[in-house]
Amino acid sequence: MPCFIALYFPSVSFFIHFAVVGAALLGLAIYRQWFGTKRMYSFLLMFAPVVLLTILFIFTISLSSYRWARLTAAFNPSVDPNGMGYMSIMVRRLLEGAVLSGRGNIPIEYVDGLTEPYSIFYTDLLLTALVSLLGWITFAIIMGALLFFIVKGFMLCFKQKSSLGLFVSVAIMLTFSIQTISYIVFNLGIQFVSPISLPLISYSNTATIINLVLIGFMLSVFRTGDVVTDEKIQSVAKHQRFISWTGGKLIINFKG
């Protein structure tokens, strides 16, 4: 239910983000058998409403001519080259002219936009601009750094000994991963939903501050992960008599 709150912004990006993170955390809890139920039945109970909500989500989009046109143009921008598909066509033309290293073959109509401060190439299309101006080698370096951060982060997540530490760290790493993937897909020309940001790289003061706060939480979890563990739940002992005779021994229980 919390993911539907994102529709009041409205923002499909936030909706998908909350839905994916929530489903992943619930699936992790089921896999670790924290509910004490059989995994197969629990996963069925979990995915049944997810499938129904996905169908409902697609049906809702189909009722909106604007969102349906945007979905269609995301995969086939040529259906509306001067409208919904304009940005996708622009990105793909820029990437087609890019080279391995250095400035690529940039169409004349996009030159001013790439050099104009505070344009979309400094926010939502930063990777596209870097590839066009500096080459694919820049893209590879940035992706390598982000991939290392994500893989290393998840490796540390699954070393946590406490449920709270695992949940917090995995939620944060999923947030970074979804932001990164959605931003990359958008910059490769598939633009169904607008990206939030490229963590710690793209221009966005609010997103950068939030991501830094999340990193602070995650580092705190990693710092205490080796010493903080869940307390084991012990079964309640049966009430013992004050004086009892067991195995030929007289036992006086002062603790009761």
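Which residue forms a salt bridge with R93? The partner is E109, and the closest N and O atoms of the pair are 2.7 Å apart. A salt bridge here is a side-chain nitrogen of Lys or Arg within 4 Å of a carboxyl oxygen of Asp or Glu. By this rule the count comes to one salt bridge. The pair links distant parts of the chain, with R93 in helix α5 and E109 in the loop between α5 and α6 (111–115), 16 residues apart. R93 is partly exposed, at a relative accessible area of 35%, and E109 is also partly exposed, at 46%. The classes are buried (under 20% relative accessible area), exposed (over 50%) and partly exposed (in between), with a 1.4 Å probe and protein chains only. Side chains of opposite charge can pair when their charged atoms come close.

The model is predicted: local features need pLDDT of at least 70 and side-chain atom pairs count only at pLDDT 80 or more, while totals for chains, interfaces and linings use all residues. Residues are numbered from 1 along each chain as its sequence is written, and side-chain values use heavy atoms, with hydrogens and water left out.

The protein has ten helices and two strands, in the order α-α-α-α-α-α-α-α-α-α-β-β along the sequence. Helices (H or I, at least four residues) and strands (E, at least two) are DSSP runs, numbered from the N terminus. Of the 256 residues in the protein, 36% are buried. The protein exposes about 16,600 Å², and carbon and sulfur atoms supply 69% of that area; accessible areas come from the Shrake-Rupley method with a 1.4 Å probe, and for residues only the protein chains shown count as cover. Among contacts between residues at least 6 apart in sequence, 57% join residues at least 24 apart. Contact means heavy atoms within 4.5 Å.

The interior comes next. In soluble globular proteins, nonpolar side chains tend to be buried together. A nonpolar core is defined as a set of buried Ala, Val, Leu, Ile, Met, Phe, Trp, Tyr and Cys residues joined through side-chain atoms within 4.5 Å. The largest such core holds 22 residues, of which L94, F121, L127 and M143 touch the most other members. Two or more residues each come from α5 (86–96), α7 (126–134), α8 (136–157) and α9 (163–187). Apart from this core lies another, of 19 residues, with L166, A171, M173 and F222 among them.

Not counting residues up to four places away in sequence, L94 touches I106, P107, Y110, L114, F121, T128 and S132. With the same exclusion of residues up to four places away, S132 touches L94, G102, R103, G104, I106 and L114.

Helices α9 and α10 (residues 205–224) pack at an angle of about 145°, with their axes 9 Å apart. Axes are lines fitted to C-alpha atoms, for helices over the stretch in contact, and angles run from 0 to 180 degrees between N-to-C directions. The crossing of α9 and α10 is left-handed, a term for a near helix turned anticlockwise from the far one by less than a right angle; clockwise would be right-handed. On the α9 side the meeting residues are G165, V168, S169, I172, M173, T175, F176 and Q179, and on the α10 side N211, L214, I215, F217, M218, V221 and F222.

The loop between α9 and α10 holds L200, a residue other than glycine with a positive phi, near 70°. L200 is partly exposed, with a relative accessible area of 45%. Q33 also has a positive phi, near 55°, and is not glycine. Q33 lies in the loop between α2 (12–31) and α3 (39–63) and is partly exposed, with a relative accessible area of 45%.

W68, in helix α4, is partly exposed at a relative accessible area of 40%. Leaving aside neighbours within four places in sequence, W68 is in contact with I61 and S62. N76 lies in the loop between α4 (65–75) and α5 and counts as partly exposed at 36% relative accessibility. The C-alpha atoms of N76 and S88, twelve residues apart along the chain, are separated by 8.9 Å.
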